[in-house]
Amino acid sequence: MLSVFCYTEFAVEIPVAGGSFAYLRVELGDFVAFVAAGNILLEYCIGGAAVARSWTSYFATLLNHHPSDFRIHASSLSADYSELEPIAVVVIALVCVFAVISTKGTSRFNYVLSIVHIAVIIFIIVAGLTRADTANMRDFMAFGVRDIFSASAVLFFAYIGFDAVSTMAEETKNPARDIPIGLVGAMTLTTALYCVLAVTLCLMQPYGSIDPDAPFSVAFADRGMDWAKYIVAFGALKGMTTVLLVSAVGQARYLTHIARTRMMPPWLAQVHPRTGTPVNATVAMLVATAVIAFFTDLSILSNLLSISTLFIFMLVAVALLVRRYYVSGETTDANRNKLAACIAAILATSARAPKLWGVPLVPWLPSASIAINVFLLGSIDSKSFMRFGIWTAALLVYYLFVGLHASYDTAKALAAESALAAKVEEGDGKPAQGAVHDGEY
């Protein structure tokens, strides 16, 4: 929720399609924004891959099969990458086609699916509680406080949907009113539903018996409600399809915005003239998602995804503090040094008020967000950090050899265009052909 507050202020004050990439670029510069952008793209790919693999599990349940029946076991590969998921690839391919054809059609389809999904969630809670056994909750903290935080860090990726919602800010009629209601309201409802569903599941089955692939379907079957597992599996498939569609639209928007800065190849920013969708960006992201989904185990995906998410949310909170306490050309050197030193020094400076909507209790809430994100990062296993480090190193190599030069050339071209425009207004020149405008030639 603290991260949602930070995103909400940025979405209202900077209502553009780039989401956290745009926010970080404005406040912390191109370098930090690019590193974050790479992790945002990784976050979307891994999130889509994790959902696609779960889609296979519930699809198998619907057909009275075990998920392994639809997987290909490649014994020559490492154990974490040997369970190949062809169905996940097919699902991602279909989502890609739908997202490319029409953004408006995708939104309408998502709206219908969301209504059905909420109905299924209500059914799970009501029907599940009729089979509740409070004895299952006696050993409430079986693994202690430490593992509760470890689980929280892994589960963090389940709450990243609001990041995609913030990319829609520029199309909102009244962002100062609608964005806070949409983001904060969605997070409140989502958190409440997650908690109630978790309690319902643990009341239906002892935690040690919960199925890792299709937990609710198996729980209903074990409690003598075999017919209910089909409703649950059907609802889960609809819900995960919605997630994949929203993710496809959101990640294409991100990649398109980044490509417009020339940090990524410009052809990724091209929008199809007939459908009005970023076809190249959509296909590129979903191909990467399909490859990851085909090979990688769900536990690896969830850990790596949570690292990227926590890292980005921490940076957004830092960017918010910079936005409130530092203004180029206005903030004194002394106050700038206080900001860089530590959060305590921020209290000695004077924060500026946001124009439309602001996070309450600044700097306390964003500082708490930073502290909690760092704390949860410490709960994730070392192998996941190694994978995160390898990906970040690859991003740095690309940025130093490609992205840095491309963004610098674009900045120079924009500066030249601005100077030329000033001369034109004064009657001293005329517009040149092929000039850069709004990040596009």
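## A nonpolar surface patch

Which residues form a nonpolar patch on the surface? In this predicted model, the patch consists of F140, M141, V145, I148, F149 and F375. Together these residues have about 600 Å² of accessible area.

Helix α6, spanning residues 144-155, supplies the largest share of the nonpolar patch, namely three residues. V145 is located in helix α6.

## Salt bridges

Side chains of opposite charge can pair when their charged atoms come close. The structure contains seven salt bridges. One of them joins R323 to E13, with 3.6 Å between the closest N and O atoms. R323 belongs to helix α12 (residues 298-325) and E13 to helix α1 (residues 2-13), so this pair ties together parts that are 310 residues apart in sequence.

Both partners fall in the buried class: R323 has a relative accessibility of 14%, and E13 has a relative accessibility of 17%. These values count as buried because the class covers relative accessible areas under 20%. E13 and R323 also belong to a network of salt bridges that includes E27.

Two further pairs can be described individually. R25 and D30 meet through their side chains in a salt bridge, at an N to O distance of 2.7 Å. R25 is partly exposed at 31% relative accessible area, and D30 is likewise partly exposed at 25%. In the other pair, D226 forms a salt bridge with K229, and the closest N and O atoms are 3.7 Å apart.

## Aromatic pairs

A pair of aromatic rings is described by the distance of the centres and the angle of the planes. The structure holds 14 aromatic pairs. For W55 and F59, the ring centres are 5.4 Å apart and the planes lie at 20°, so the pair is stacked; the stacked class requires planes under 30 degrees apart.

W55 and F59 are both part of helix α3 (residues 30-62), where they lie four residues apart and are thus separated by about one helical turn. W55 is buried, with 14% relative accessible area, while F59 counts as partly exposed at 23%.

The model also contains an aromatic cluster made up of Y7, F10, Y23 and F313.

## The loop residue D213

Where is D213 found? D213 lies in the loop between helix α8 (175-204) and helix α9 (215-222). Its relative accessible area of 22% makes D213 partly exposed.

Leaving aside residues up to four places away in sequence, D213 touches S57, Y58, H66, P67 and R71. The C-alpha atoms of D213 and A60 are separated by 9.7 Å, although these two residues are 153 residues apart along the chain.

Conventions. Residues numbered from 1 in each chain as written. Predicted model: local features only at pLDDT ≥ 70, side-chain atom pairs only at ≥ 80, totals over all residues. Heavy atoms only, no water. Salt bridge = Lys/Arg side-chain N within 4 Å of Asp/Glu carboxyl O. Helix = DSSP H or I, 4+ residues; strand = E, 2+ residues; numbered from the N terminus. Buried < 20%, exposed > 50% of the residue type's maximum accessible area, 1.4 Å probe, protein only. Phe/Tyr/Trp six-rings, centres within 6.5 Å; stacked < 30°, edge-to-face > 60°. Patch = residues over 30% accessible without salt bridge, like charges linked within 9 Å, V, L, I, M, F, W, Y side chains within 5 Å. Areas by Shrake-Rupley, 256 points an atom, 1.4 Å probe, with all protein chains shown as cover. Contact = heavy atoms within 4.5 Å.
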